[in-house]
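I open this notebook to record what I looked up, beginning with a pair of helices and moving on to the ligands.

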Amino acid sequence: MILVTGGAGFIGANFVLDWFRQSDEAVLNVDKLTYAGNLGTLQSLQGNPKHVFARVDICDRAALDALFAEHKPRAVLHFAAESHVDRSIHGPADFVQTNVVGTFTLLEATRQYWNALPGAEKAAFRFLHVSTDEVFGSLSTTDPQFSETTPYAPNSPYSATKAGSDHLVRAYHHTYGLPVLTTNCSNNYGPYQFPEKLIPLMIANALAGKPLPVYGDGQNVRDWLYVGDHCSAIREVLARGQSGETYNVGGWNEKKNLEVVHTLCDLLDEMRPKAAGSYRDQITYVADRAGHDRRYAIDARKLERELGWKPAETFETGLRKTVLWYLDNHAWVAGVQSGEYQNWVAKHYAA
Ligand code: NAD
Ligand code: TYD
């Protein structure tokens, strides 16, 4: 079986659901279920004996050791993290704990388990670390995209802790020979994304008749990757990636935030028209994020050249699917917009 951390979050859950569409290999899903983890996303796997869920914190070494001993995974896919930049600005401590201490604890548990594996299993074992392009810092409009050799220059507490975790993973390969793979991907979007991130937040607010809060001048650029494409890239890297290598994953979709919000409004105007006017009327400019990175962009040519991976979705097809999903799954959105979510919105958007 494979061990997936953070498999109740946005990307991890999409990965687990996708995995069972392609494979009959079992999954041990290890997730602490923070505000961002949601078992409702995995409802279709209820009763499936190949999906084993363990509510465990990756900082809990004893619990991890017990899971390794019982389930003997052939690979670890590490998605679990605190993942939201704005939250890292309000409260960085959880980010250091999960992203740095948690990754370290998971690496230590993995190393002990891996060391005791018999020869062939030891050689075939993989630790795949899921990271972000934000570790590379911010680009100007004319800079080339991030490549695998771009120097690290993280700017937010979130990206600094992800960079720290990347360095630990690298060091465990270099020092102990642990067979690791690291992927650095751009901004994901798609079904089951928590409505604190740009795209699901804008859809949820638009439908609720609330303001669409654009930070600063709305000209910051992100490079959008459909989550299903990210999942297929991770499967490729796990199957055929070179131990010790890093791979950038991107969708070749650089867009300014305002462009994204306009496109979302236009899709909603078409699919769920308002009684009068356009969703664009709800756009509101709000104070900029502290230390807001101007532009991210990924050069994903290594993955294409070496493993033949290319994204299947364009931004247009992926965004249309995503809007449709949110329109059809209002119950999921309402379910995650619980008390904690309300507190976040009140605190963060108060100003
Ligand atoms: P998410 O916040 O939606 O989900 C994170 C999951 O990890 C949740 O299920 C949460 O319960 C779990 N978790 C958090 N702390 C934990 C702990 N201490 N122990 C066990 N489980 C814990 O995040 P996501 O968007 O799905 O991101 C997944 C990974 O991909 C992260 O490592 C993130 O840094 C990376 N990434 C995300 C994006 C993006 O656009 N969402 C882009 C690049 C990289
Ligand atoms: P986000 O989805 O938080 O991802 P990240 O910060 O990891 O790139 O934000 C994407 C972009 O959208 C980022 O430039 C900040 C901006 N943004 C807004 O303008 N308004 C919002 O309410 C949010 C959540 C983000």
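This is a predicted model: local features need pLDDT of at least 70, side-chain atom pairs count only at pLDDT 80 or more; totals for chains, interfaces and linings use all residues.

In which hand, right or left, does α9 pass α11? I find that the crossing of α9 past α11 is right-handed.

I then looked up the geometry of this pair: the axes of helix α9 (residues 257–271) and helix α11 (residues 315–328) come within 10 Å and cross at roughly 55 degrees. Angles from 65 to 115 degrees would count as roughly perpendicular and those under 35 as roughly parallel, and α9 and α11 are therefore oblique to each other.

I listed the residues that make the contact, which on the α9 side are Val 260, Thr 263, Leu 264, Leu 267, Leu 268, Glu 270 and Met 271, and on the α11 side Phe 315, Leu 319, Arg 320, Val 323, Leu 324 and Leu 327.

Next I turned to ligand 1, which is surrounded by 28 residues, with Ile 11, Asp 31, Ser 83, Tyr 158 and Lys 162 the closest. For Asp 31, I noted a side-chain N or O atom 2.5 Å from an oxygen atom of the ligand. The backbone takes part as well: a polar backbone atom of Gly 9 is 2.9 Å from an oxygen atom of ligand 1, and a backbone N or O atom of Ile 58 lies 3.0 Å from a nitrogen atom of ligand 1.

Last, I looked up ligand 2, which has 18 residues around it, and Glu 134, Arg 222, Arg 289, His 292 and Tyr 349 come nearest. I recorded polar side-chain atoms of Arg 289 at 2.5 Å and of His 292 at 2.7 Å, each distance being to an oxygen atom of ligand 2. From Tyr 215, a backbone N or O atom lies 2.9 Å from an oxygen atom of ligand 2.

Technical notes. Residues are numbered from 1 along each chain as its sequence is written. Chains are lettered from A and ligands numbered from 1 in the order in which they are written. Side-chain values use heavy atoms; hydrogens and water are left out. Axes are lines fitted to C-alpha atoms, for helices over the stretch in contact, and angles run from 0 to 180 degrees between N-to-C directions. Helices (H or I, at least four residues) and strands (E, at least two) are DSSP runs, numbered from the N terminus. Angles under 35 degrees count as roughly parallel, over 145 as roughly antiparallel, 65 to 115 as roughly perpendicular and the rest as oblique. A crossing is left-handed if the near helix is turned anticlockwise from the far one by less than a right angle, and right-handed if clockwise. Contact means heavy atoms within 4.5 Å. A residue is near a molecule or strand if one of its heavy atoms lies within 4 Å of it. A polar contact is a pair of N or O atoms within 3.5 Å; within protein, one must be able to donate a hydrogen and the other to accept it, and residues adjacent in sequence count only if both atoms are side-chain atoms.
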